[in-house]
Amino acid sequence: MTIVTKRQVSRRALLRGAGAMIGLPFLDAMRPALAAPGGKQARRIGVVYVPNGIIMRDWQVKKIGTGFDFPRILKPLERFREDIVVVSGLSNHAANKAKGGGHAKASGSFLSGALPKYTAGADVHAGTTFDQIAAQRFGPETRVPSLQLGCEDSRMIGNCDTGSSCAYTNTISWKNPDTPMAVEVNPRSVFERLFGTVDPSLDAETRARRALYKKSILDLTRENTQRLVSSLGSTDRRKMDEYLTSIREVEVRITKAENDPEIPLGEKPSGIPFSYREYVKLMFDLQTIAFQSDLTRVSTMMLGREGSVRVYPEIGVPDPHHPLTHHRNNEDFIEKVTKINEHHVELFSYFVERLKATQDGDGTLLDHSTILYGGAISDGNQHSNHNLPLVIAGRAGGLRGGRHVEAEAKTPAANLFVDILNRSGVEVESFGDSTGRLAI
């Protein structure tokens, strides 16, 4: 643990223990350090991806500007009206030009604006995604350059869509044109990556020892934690208590999922909650903690892989998602897809709520973040890549919410990514197939 002087704490301070290393939230005691030359408020970028398209008639906002009515699918975000911007009119032209399966082309090009190579082999090729441009910029200042999370199948080899590699459907993040970023679907692995001192796959002994003695991350760092807290003022003590409590709650939920006796052996990997709702919330909580402790400033999360056949019996939809989206105007199918779309937005609103409730310096995490929600397909029945369903949450870079921004028809989605990068402190003039910077 690095402490500058009493009541002056470095932003890079860590609580260390055997097999554990915990970053700290922003504390008042860090202000002297941030007041030094070059000290700036950290900004975060997140992407939350939804697969298979949207029922656009229940998504599309009709009024441009402010004071619009929230359509059915976006209704869960209405309470955050002043924190979001709905963006319409953008297109992913690369998906229209590329060969291959409609889903693979869409997700494989979504965040890069580059054509994915048509192949089911190991010779995959697409484009560097905008989140990884940010990760390259922020990576040297954080412990984890970026998180790539998902809630479904993450294999990167094989044919997943009409001769197109699974690498195109199962991740949306590419480090470079030849390197797709594998998606982590196990909350325990994410937790260990954030707070363990080494890669959990290489540290079986530490994990076994912790299980044997029922030691949590907080137990392993207790001595350093007590030493730090005793040097802080009352406000910072409260912040630390809230922060450590949130870590412990997440750890308990992961452990509970690992030991759930109602889940048949082999039904799912250990650590993944049986309930999809709880699974997604747990992954959002992990991202919130990672942002709060400045362990990373970049994350992407797939609520489902492109072409997902997940079923949602908890909301009355026991049918596989993807086949329903090819509804051929069957109103029963359309209603079921709409329920899935609503469910995803409701879960996203939980993430927005968590970010807004978490203090970060002179504001909240939401004040200092730009979170993109949406997908690479609008109408799933036709695999349309025009007028993409997109929402921005957050206020980083002075973004003013409460608005619906409609771009000129078929404007490249990459124009929005140029804006997000610049708004987050990553100065770029162009990206992918952009034609300029979208003024949102």
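Buried means under 20% relative accessible area, exposed means over 50%, and partly exposed is in between (1.4 Å probe, protein chains only). Keep that handy for the exercises below.

This is a predicted model, so local features need pLDDT of at least 70, side-chain atom pairs count only at pLDDT 80 or more, and totals for chains, interfaces and linings use all residues. Residues are numbered from 1 along each chain as its sequence is written, and side-chain values use heavy atoms, with hydrogens and water left out.

**Exercise 1. The overall picture**

Work out how many helices and strands the protein has, and what share of its residues is buried.

Solution. 
- Step 1: Count the elements. There are 14 helices and 17 strands; helices (H or I, at least four residues) and strands (E, at least two) are DSSP runs, numbered from the N terminus.
- Step 2: Check burial. Of the 440 residues, 58% count as buried.
- Step 3: Look at the contacts, meaning heavy atoms within 4.5 Å. Take those with a separation of 6 or more: residues 24 or more positions apart account for 71% of them.

**Exercise 2. A ring pair**

Find how Phe130 and Phe417 are arranged, say whether they are buried or exposed, and explain which parts of the chain they tie together.

Solution. 
- Step 1: Set the rule. Rings of Phe, Tyr and Trp (its six-membered ring) pair if their centres lie within 6.5 Å; planes under 30 degrees apart count as stacked, over 60 as edge-to-face and the rest as tilted.
- Step 2: Search the whole structure, and 10 aromatic pairs turn up. One of them is Phe130 with Phe417, at 4.5 Å centre to centre with 15 degrees between the planes, and that pair is stacked.
- Step 3: Phe130 sits in helix 4 (residues 130–138) and Phe417 in helix 14 (residues 414–423), so the pair ties together parts that are 287 residues apart in sequence.
- Step 4: Check accessibility. Both Phe130 and Phe417 are buried.
- Step 5: Widen the view. Ring pairs link Tyr49, Phe110, Phe130 and Phe417 into a cluster.

**Exercise 3. Charges over rings**

Identify which ring Arg81 lies over, and which ring has Lys281 over its face.

Solution. 
- Step 1: NZ of Lys or CZ of Arg must be within 6 Å of the ring centre and within 35 degrees of the ring normal.
- Step 2: Apply it to Arg81, which lies over the face of Phe68, 5.1 Å from the ring centre.
- Step 3: Apply it to Lys281, which lies over the face of Tyr350 at 5.0 Å from the ring centre.

**Exercise 4. The disulfide**

Find which cysteines form a disulfide and describe the handedness of the link.

Solution. 
- Step 1: The cut-off used here is a pair of cysteine sulfur atoms within 2.5 Å.
- Step 2: Search the whole structure, which gives one disulfide. Cys160 and Cys166 form it, with their sulfur atoms 1.9 Å apart.
- Step 3: With 85 degrees about the S-S bond, the link of Cys160 and Cys166 is right-handed.
- Step 4: Check Cys166, which is buried at a relative accessible area of 0%.

**Exercise 5. Around Ser308**

Locate Ser308, then list what it touches.

Solution. 
- Step 1: Ser308 is in the loop between strand 12 (298–302) and helix 12 (321–325). Its relative accessible area is 1%, so Ser308 is buried.
- Step 2: Leaving out residues up to four places away in sequence, Ser308 touches Pro51, Asn52, Glu152, His321 and His322.
- Step 3: Look for a polar contact (a pair of N or O atoms within 3.5 Å; within protein, one must be able to donate a hydrogen and the other to accept it, and residues adjacent in sequence count only if both atoms are side-chain atoms). The side chains of Ser308 and Glu152 make one of 2.9 Å.
- Step 4: Follow Asn52, which is found in the loop between strand 5 (44–49) and strand 6 (84–91). Asn52 is buried at 0% relative accessibility, and its phi is near 75 degrees, a positive value in a residue other than glycine.
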